[in-house]
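Have a look at the chain below, then try each task before reading its solution.

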Amino acid sequence: MKKYLFLLLIFPGLLLHATTYKVSNINEFNDQVKKLQPGDNIVLTSGVWKNAELVFYGEGTAEKPITLSVEKYGKTTLEGESCINLYGKYLVVDGLVFINGCSPGKEVISFRKGPN
């Protein structure tokens, strides 16, 4: 027992690990975004995300940002009345492409809590 306690004290990161959540629709995205912890990744599957209003939030750290990315660059598009709203700390968005549409509000991308 003492051996394991020693390892946990020396290497507390052993208990913390990043998780990647692969999502294929807005409902899955909304369910998973609530669970995000520092270092986690949420990945949008390839395809057309039509009329997707993404609200991406969380509290990452400088060492472990929370990332929103795509399964394959150029193969995931947000179309129609799609937008993204970001708020929190140390969030990274990578690979999103908006085409063939417009925002349901004023902005396609907004950096604040609340509606566009």
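**Exercise 1. Describe the fold pattern of the protein chain.**

Read along the sequence, the order of elements is α-β-α-β-β-β-β-β-β-β-β-β. Counting them gives 2 helices and 10 strands, where helices (H or I, at least four residues) and strands (E, at least two) are DSSP runs, numbered from the N terminus. This is a predicted model, in which local features need pLDDT of at least 70 and side-chain atom pairs pLDDT 80 or more, while totals for chains, interfaces and linings use all residues. Residues are numbered from 1 along each chain as its sequence is written, and side-chain values use heavy atoms, leaving out hydrogens and water.

**Exercise 2. Find the salt bridge and place its two partners.**

Start with the rule: a side-chain nitrogen of Lys or Arg must lie within 4 Å of a carboxyl oxygen of Asp or Glu. Searching the whole structure gives 1 salt bridge. Its partners are glutamate 71 and lysine 22, at 2.8 Å from N to O. They sit 49 residues apart and link distant parts of the chain: lysine 22 belongs to strand 1 (residues 20-23), glutamate 71 to the loop between strand 5 (66-70) and strand 6 (76-80).

**Exercise 3. Decide whether each partner is buried or exposed.**

Recall the cut-offs for relative accessible area: buried is under 20%, exposed over 50%, partly exposed in between (1.4 Å probe, protein chains only). Lysine 22 has 52% relative accessibility, so lysine 22 counts as exposed. Glutamate 71 has 37%, so glutamate 71 counts as partly exposed. For the whole chain, 32% of the 116 residues count as buried.
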